[in-house]
Amino acid sequence: MKKASLLTLAALTLGLSTVGCVGKNNGFALFNKIYDWNLTASDNEWGNELIFVGLCIIPVYPICLFADTIVFNSIDFWTGENPIVGVDSNTGKHYAIVPNGDGTATFTYDGQVCQLARTADGVTLSKDGVLLGTYTLDGNLATFTAPDGTTRSMLR
């Protein structure tokens, strides 16, 4: 009984000592990745709702929230790097896309911060108010158009 009380006290102490350690680089990244995936998992909003309820029952959402709160945000707070934030496999540099909730998102790559905004034609990319280009999608063909009119396309 004394051992169980000691373990409980140690767990509570660890938990309470790290709760205030909100990371600097896209806090709650694991929870947000699951949530963002859930929003686009199906073309049907009722299907997404059923997936959401299932992930709550299984308990994927609570486990991800717990892991973010106790583990990943604490690592980010103390080291400055969140292990859940994306890493470019070609360069090894960190990136993050954080939705702002108004049809825009903040895109961070290797410390550079840009804004993404949804338009009728696609998505615009800008930095400090200067348009860097527009992404459009036609079937499986993604095209980036720079302000000078040059384009690059790739199959997705």
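I call a residue buried under 20% relative accessible area, exposed over 50%, and partly exposed in between, with a 1.4 Å probe and protein chains only. By that rule aspartate 128 is exposed, at a relative accessible area of 74%. This is a predicted model, where local features need pLDDT of at least 70, side-chain atom pairs count only at pLDDT 80 or more, and totals for chains, interfaces and linings use all residues. Residues are numbered from 1 along each chain as its sequence is written, and side-chain values use heavy atoms, with hydrogens and water left out.

Aspartate 128 sits in the loop between strand 5 (122-127) and strand 6 (130-138); helices (H or I, at least four residues) and strands (E, at least two) are DSSP runs, numbered from the N terminus. Its phi is positive, about 55°, although aspartate 128 is not a glycine. Most residues other than glycine have a negative phi, and most peptide bonds are trans. The bond from isoleucine 58 to proline 59 is cis, with omega near 0°. Proline 59 is in the loop between helix 3 and helix 4 (60-79).

Next, threonine 143, in strand 7 (residues 141-145). Is threonine 143 buried or exposed? Threonine 143 is buried, with a relative accessible area of 16%. Beyond four places in sequence, its contacts (heavy atoms within 4.5 Å) include Tyr135 and Arg152.

Last, the helices. Helix 2 (residues 29-40) and helix 3 (residues 45-57) have axes that come within 8 Å and cross at roughly 150°. Axes are lines fitted to C-alpha atoms, for helices over the stretch in contact, and angles run from 0 to 180 degrees between N-to-C directions. The contact is made by Ile34, Trp37, Asn38, Leu39 and Thr40 of helix 2 and Asn48, Ile51, Phe52 and Leu55 of helix 3.
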